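This report describes the fold of a single protein chain, with attention to its sheets, one of its pockets and some backbone details. The sequence and the structure are shown first.

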Amino acid sequence: MLDISYHRSLASMNTFRIDVSCACLVEYDSIADLLELETETLPKPIMHIGRGSNLLFTDDFRGTVVHSCIDLMEILDRNVRIYADCSRDYGEVFGEDDVLVSAGAGTVFDELCAWTAGMGLWGLENLSLIPGEVGAAAVQNIGAYGVEVGDIVRYVYCYDLLEEEIVRFDKKILAYSYRDSVFKHEGFKGRYFVTHVVLKLSRSYRPQLDYGHVRKAVEETGKPVTPDLVRSVIIGIRKDKLPDPLEIGNAGSFFKNPVVSEEVFENIRKKYGADVPGFHLDDGRVKVPAAWLIEKCGWKGKKSGNVGVYDKQPLVIVNITGKAFPEEIISLERRITESVRKEFSIILEPEVEHIY
């Protein structure tokens with residue numbers, strides 16, 4: 001299926017539920033569709049998105065939005081060449097418990113988490129309930145509770161818009177870092193459309209519980225620790241503090257956690273006490289929770305017109321009424337950023353991508 005339509009609303013394709021439009025919308029459900037796509041006839045620029053769970057459209061998009069509907073999940077047979085390729089590319093020896101899973105870019109990411117956890121495969125359970133699709137997850141390097149998807153990705157298959165062919169990138173090329181990958185930078189951004197992602201999971205017992213109070217919550221269940229159990233605990237934690245995008249428009253964590261020097265961190269502790277939260281990195285710097293900084297500036301639960309700061313998690317900006325304009329979100333973002341700058345001399349960076 002190759003579906004091309006014009007002057008389409010994007011309200012259902014961004015979790016902020018901002019009612020903007022695009023000049024053209026293209027949806028496809030196979031690589032064959034992409035190879036048939038005549039991109040030279042489409043309004044420019046061309047942008048590939050998932051379900052917009054990390055996007056803020058600042059206005060109507062004058063170009064073409066492309067969306068993958070490739071929805072599949074499969075365990076790769078060990079006879080498939082990719083196992084040999086992984087051994088070569090990563091120097092890995094695959095044990096009996098190691099499993100390679102392939103997922104289409106249009107697969108709902110949480111459905112992949114549920115599917116793999118249900119089969120007893122470890123790796124994705126800590127990322128449960130993160131909104132969005134698999135392709136966007138690999139671009140954004142989503143992360144939660146001590147795990148990033150870039151830790152698990154082995155290969156990403158893409159359609160090269162310039163050369164009009166399918167290419168494969170191994171993880172070493174993708175340059176994963178905190179909420180970042182090569183796909184977000186010049187030379188890659190806008191050129192490559194993710195079609196499939198291959199991840200390495202395991203049947204071996206590998207829970208990652210040492211983040212926040214995850215371990216305590218798991219132990220309190222009194223049940224055997226399985227991927228499904230960890231998934232259910234993570235879902236419970238997320239539901240307790242994060243709004244459901246289906247109920248109230250939001251894009252999850254709006255800001256990145258800033259990384260500051262030890263000197264800046266100590267200055268904050270002198271003012272607010274020794275219990276200021278911070279994660280010390282190997283390079284001597286400290287990652288400080290943006291949510292803590294925002295809350296100390298008095299933003300938690302504040303409302304302004306159609307938008308506000310979520311009352312359970314100050315890292316989340318919400319479209320309270322469902323009728324917010326992009327300018328309202330941007331204005332609130334700027335006011336939060338400026339207040340944190342004045343109070344802490346820290347410049348917050350948005351995690352949400354702004355589309356102009």
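Predicted model: local features only at pLDDT ≥ 70, side-chain atom pairs only at ≥ 80, totals over all residues.

Between S13 and strand S19 (residues 316-319), the antiparallel pairing extends over three bridges. Ser253 has Val316 in S19 as its bridge partner.

A further open sheet consists of three strands in the order S14-S16-S15, again with antiparallel pairing. Its edges are strand S14 (259-260) and strand S15 (279-280); each has a single partner strand, so one side of each is left without a neighbour in the sheet. S15 and strand S16 (residues 286-287) run antiparallel and are joined by two bridges. His280 has Val286 in S16 as its bridge partner.

The two pairings described above are set out below.

| Strand pair | Sense | Bridges | Bridge partners |
|---|---|---|---|
| S13 and S19 | antiparallel | three | Ser253 and Val316 |
| S15 and S16 | antiparallel | two | His280 and Val286 |

In general, strands of a sheet pair through backbone hydrogen bonds, in either a parallel or an antiparallel sense.

The second largest pocket has a volume of about 220 Å³. Its lining brings together Ser177, Tyr178 and Asp180 with Lys256, Asn257, Pro258, Val259 and Val260, and with Ile346, Ile347 and Glu349. By class, the lining residues of this pocket comprise six nonpolar, two polar and three charged.

Two backbone features deserve mention. Most residues other than glycine have a negative phi, and most peptide bonds are trans. Arg17, although not a glycine, has a positive phi of about 60°; this residue is placed in the loop between strand S1 (2-9) and strand S2 (21-28). The peptide bond from Lys44 to Pro45 is cis, with omega near 0°, and Pro45 lies in the loop between helix H1 (31-36) and strand S3 (46-49).

For the protein as a whole, the secondary structure comes to ten helices and 20 strands. The radius of gyration is 21 Å, close to the 21 Å that the globule rule gives for 356 residues, so the protein is as compact as a globular protein of that length. Taken along the principal axes, the C-alpha atoms fill a box of roughly 60 × 50 × 35 Å.

How values were computed:
Residues numbered from 1 in each chain as written. Heavy atoms only, no water. Pairing = 2+ DSSP bridges. Helix = DSSP H or I, 4+ residues; strand = E, 2+ residues; numbered from the N terminus. 1 Å grid on protein atoms, 1.4 Å probe; cavity = no way out; pocket = protein on both sides within 12 Å on 5 of 7 lines; lining within 4 Å. Points joined across faces, edges and corners; volume = space filled by probe spheres on them. Nonpolar A, V, L, I, M, F, W, Y, C, P; charged D, E, K, R; others polar. Rg over C-alpha atoms; globule rule 2.2 N^0.38 Å.
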